[in-house]
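Student: Hi, could we go through this model together?
Tutor: Happy to, let's bring it up.

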Amino acid sequence: MMPLLERLLPWLSASASANPANPRHNEVAIRVDPILLVAVLILLAWGLVMVTSASAELGERFGSPFYFVIRQSVAIGIGVILVMTVFLRQPIARWVELKSLILIGSLLLLLAVLVPGIGHSVNGANRWIPLGPVNIQASEFARQGLIVWMAGYISTHTIKLQNRITGMFGPALVIGLASFLLLMQPDFGTTAVLAITLFAMAWLARAQWQMMVGSTAILSFLGVIVVLSQQYRVERLLSFSNPFADPFGHGYQLANALIAIGTGGIFGRGLGESVQKLSYLPEAHTDFIFAVLAEELGLVGVICLMLLYGVIVWRGFVIAGMAWREHQIAGAALAWGISFWFGMQALINMGVNMGVLPTKGLTLPLMSYGGSAIIVAIISLGLLMRVHHEAALIMEMRASVESKRRRNDRDQQTQEVYS
């Protein structure tokens with residue numbers, strides 16, 4: 001696999017034998033984690049297949065059964081181009097330098113969707129900014145920007161974060177402000193994922209536990225208040241426990257998702273043979289694509305999917321560990337944040353589809369249809385690969401220096417013997 005990729009992309013190289021002393025070589029040779037790369041490519045390809053299957057009937061209404069998969073393919077192409085030309089080429093330190101601008105831009109995005117004339121409402125939620133023929137989901141880009149900002153904050157305030165309670169004041173303020181703007185859309189699911197991810201990054205970076213416990217307790221209390229403040233949230237919370245009590249009302253989506261998953265059995269009906277996607281299951285190609293996958297590919301397909309997500313999260317934490325050991329604090333924090341977000345959102349989406357969690361408008365990363373979501377997911381994984389490159393490069397340079405030192409010591413001992 002890797003030799004083929006290296007022939008297609010000459011600047012892509014995971015070879016540990018590359019000469020780290022050659023600055024020009026370091027500028028173009030990207031060290032990638034082959035296991036992570038293969039898992040991502042499989043999920044992207046599988047996602048296109050499932051979007052094709054889940055959206056073909058709906059696509060006919062737009063003139064072609066391939067309407068949605070073509071748009072998804074374009075979004076994937078944009079994401080890959082951005083990763084190859086920008087995010088794999090720019091050092092993590094560059095994003096740390098821009099962390100304040102990234103923070104301001106992220107908050108402005110969340111604010112812009114609430115401004116009449118700028119934000120676009122769909123199903124009663126103001127989450128999109130129209131740009132010509134496409135709608136940009138602001139929360140997707142803002143979430144990634146805030147994860148990058150948090151990584152930069154951790155790297156520049158590590159000692160303060162680890163030794164002072166006041167170290168979490170800044171992140172707590174940002175989390176509170178971002179959560180408020182997200183809840184105004186409203187988007188409770190993204191709010192919860194973002195807050196938990198940023199707090200997890202701080203906890204993994206050894207933040208003061210007193211502040212972590214206190215902030216978690218306060219935000220949990222506020223979360224309960226937010227849920228109870230809106231009747232529709234309470235109804236969603238109650239309906240997921242027994243969707244068949246109101247199968248044509250609040251439990252409609254989950255009831256049909258459970259029917260799809262249940263009829264899939266062990267091996268599924270077969271690819272493309274889902275019945276629930278035929279106007280029975282709403283959002284079959286977006287939030288509930290997992291149910292379609294389970295119906296068509298069965299338990300075997302579900303297990304394979306979960307294993308692939310597990311591989312990505314595992315490699316993400318391995319990369320974070322590499323960066324932390326090499327004192328690449330920003331890279332480690334960024335890898336933690338991306339891995340934690342990726343795994344948590346996948347689990348939440350699957351939990352919602354299986355009726356384990358209340359319904360949330362969260363997509364299945366790399367699988368669900370959605371231009372903003374797929375572009376941001378690819379960019380996130382590109383940043384994760386960049387963290388791996390920098391950590392691996394430093395390890396190679398350190399190993400080279402150590403090898404040179406040992407060689408010089410042996411030469412010196414040899415000279416002493418013959419002198």
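Tutor: One term before we start: helices (H or I, at least four residues) and strands (E, at least two) are DSSP runs, numbered from the N terminus. This is a predicted model, where local features need pLDDT of at least 70, side-chain atom pairs count only at pLDDT 80 or more, and totals for chains, interfaces and linings use all residues. Residues are numbered from 1 along each chain as its sequence is written, and side-chain values use heavy atoms, with hydrogens and water left out.

Student: Thanks! How many helices and strands does the protein chain have?
Tutor: The protein chain has 16 helices and three strands.

Student: And what share of the residues is buried?
Tutor: Of the 419 residues, 49% are buried. Buried means under 20% relative accessible area, exposed over 50%, and partly exposed in between (1.4 Å probe, protein chains only).

Student: Okay, cavities. How many of 30 Å³ or more are there?
Tutor: The count is one cavity of 30 Å³ or more, and the largest cavity has a volume of about 70 Å³. On a 1 Å grid over the protein atoms alone, a cavity is a set of points where a 1.4 Å probe fits but cannot get out, while a pocket is an open set with protein on both sides within 12 Å along at least five of seven lines; lining residues have an atom within 4 Å of a point. Grid points are joined across faces, edges and corners, and a volume is the space filled by probe spheres set on the points.

Student: Which helices supply at least two residues each of the largest cavity's lining?
Tutor: Those are α7 (138–156), α15 and α16 (371–418). α16 gives the most, with three residues. The lining has 13 residues, and Thr-363, Pro-365, Leu-366, Ala-373 and Ala-377 lie nearest the centre of the cavity.

Student: You mentioned α15. How far apart are its end C-alpha atoms?
Tutor: They are 36 Å apart, which agrees with the 36 Å that its 25 residues (329–353) should span at 1.5 Å a residue. The expected span is 1.5 Å times one less than the number of residues. α15 is mostly covered, with 23 of its 25 residues buried. Just after α15, Gly-355 takes a positive phi of about 80 degrees.

Student: Last one, Ser-55. Is it buried or exposed?
Tutor: Ser-55 counts as buried, because its relative accessibility is 0%. Ser-55 sits in helix α3 (residues 34–59). Leaving aside neighbours within four places in sequence, Ser-55 is in contact (heavy atoms within 4.5 Å) with Pro-65, Phe-68 and His-285.
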